[in-house]
Amino acid sequence: MAHSFTQEYFQIPSVTRAYTTACVLTTAAVQLEVITPFQLYFNPDLIIRRYQLWRLITNFLFFGSLGFSFLFNIIFLYRYCRMLEEGSFRGRTADFVYMFLFGGVLMTLFGLFANLFFLGQAFTIMLVYVWSRRNPYIRMNFFGLLNFQAPFLPWVLMGFSLLLGNSIVVDLLGIGVGHIYYFLEDVFPNQPGGRKLLMTPELLRTVFDTPEEDPSYFPLPEEQAGEFWQDQGGDGGEPNDQGQ
């Protein structure tokens, strides 16, 4: 059982696995009173004057105490983060990480003016928005009550937040940042006179992307010799045209 769980866990794409695990561990640490939310929330004054730089990250990791809201957010985070990483970002881990950084920086800047303390929910909505715009023809069903096309999903989630009595500012922030990324990455480059503005830094490609094999590479003579003897030693080779 434990071995099966470990296998399933490590089959989760790396970025989704790292972010989801960090969110769960952060919430668990708060529940166990190892840390408090006051040590995690976004506070520009403490970040600038007391150099508590970890708040730039931890405010994206805490979704509140264990309960329905936490489970709802973590399920949506895991589901749509994984579908993006395995779908349109498949084999492009560096680009996916760059989207994380781009969205996180924009939300942090907007958070300065919106007086928001935790941005994890907004980040989840951003992921949902980007996925929904890249899969516009998928039919969705929300708790068996509503049927709609995928692009309406972020707005349905915002309406659900409103019904629960939550502020929709966080949802609007996630939708806004998601739309900015989607426009700059998918829309503007395909417009007449448009061009790609979001360029993933080479450093991220070096760290996260496996380099492709150079098609112009020609093996050294000793490497060819090894291949030659391997072919000659096999009994499944077929005669060439000259030997027939």
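## Overall make-up

The chain exposes about 15,600 Å² of accessible surface, and carbon and sulfur atoms supply 62% of that area. These values, like those that follow, belong to a predicted model. Of the 244 residues in the chain, 39% are buried.

The chain holds 11 helices and 2 strands. Read from the N terminus, the order is α-α-α-α-α-α-α-β-β-α-α-α-α, with the two strands next to each other between helices. When contacts between residues at least 6 apart in sequence are considered, 62% of them join residues at least 24 apart.

## Helix α2 and the residue after it

Helix α2 covers residues 14-31, a run of 18 residues, and the distance from its first C-alpha to its last is 26 Å, close to the 26 Å expected at 1.5 Å a residue. Its buried residues are V15, T16, R17, Y19, T20, C23, T26, T27, A29 and V30, a list that includes the arginine R17 and the cysteine C23.

Just after α2 comes E33, which takes a positive phi of about 60 degrees, a positive value in a residue other than glycine. E33 is placed in the loop between α2 and α3, the latter spanning residues 44-49. With a relative accessible area of 71%, E33 counts as exposed, because that value is over the 50% cut-off.

Y51 lies in the loop between α3 and α4, where α4 comprises residues 55-58. The relative accessible area of Y51 is 65%, so this tyrosine is classed as exposed.

## The contact between D95 and T200

D95 is found in helix α6, which runs over residues 93-114, whereas T200 is located in the loop between α9 (169-187) and α10 (202-208). Their side chains are joined by a polar contact of 2.5 Å. D95 has a relative accessible area of 10% and is therefore buried, the cut-off being under 20%. T200 is likewise buried, with a relative accessible area of 10%.

The surroundings of the two residues can be listed in turn. Not counting residues up to four places away in sequence, D95 touches F89, Y181, T200 and R205. With its neighbours within four places in sequence left aside, T200 is in contact with A94, D95, Y98 and R205.

L197 is partly exposed, because its relative accessible area of 39% falls between the 20% and 50% cut-offs. Although L197 and L184 are 13 residues apart in sequence, their C-alpha atoms are 6.5 Å apart in space.

## A nonpolar patch on the surface

F68, F143, L145, L146 and L164 together form a nonpolar patch on the surface, with about 570 Å² of accessible area. One of its members, F143, is found in the loop between β1 (139-142) and β2 (146-149). F143 has a relative accessible area of 51% and is therefore exposed, a class that requires over 50%.

Definitions and conventions
Residues numbered from 1 in each chain as written. Predicted model: local features only at pLDDT ≥ 70, side-chain atom pairs only at ≥ 80, totals over all residues. Heavy atoms only, no water. Helix = DSSP H or I, 4+ residues; strand = E, 2+ residues; numbered from the N terminus. Expected span 1.5 Å × (residues − 1). Buried < 20%, exposed > 50% of the residue type's maximum accessible area, 1.4 Å probe, protein only. Patch = residues over 30% accessible without salt bridge, like charges linked within 9 Å, V, L, I, M, F, W, Y side chains within 5 Å. Areas by Shrake-Rupley, 256 points an atom, 1.4 Å probe, with all protein chains shown as cover. Salt bridge = Lys/Arg side-chain N within 4 Å of Asp/Glu carboxyl O. Contact = heavy atoms within 4.5 Å. Polar contact = N/O pair within 3.5 Å; in protein donor to acceptor, adjacent residues only side chain to side chain.
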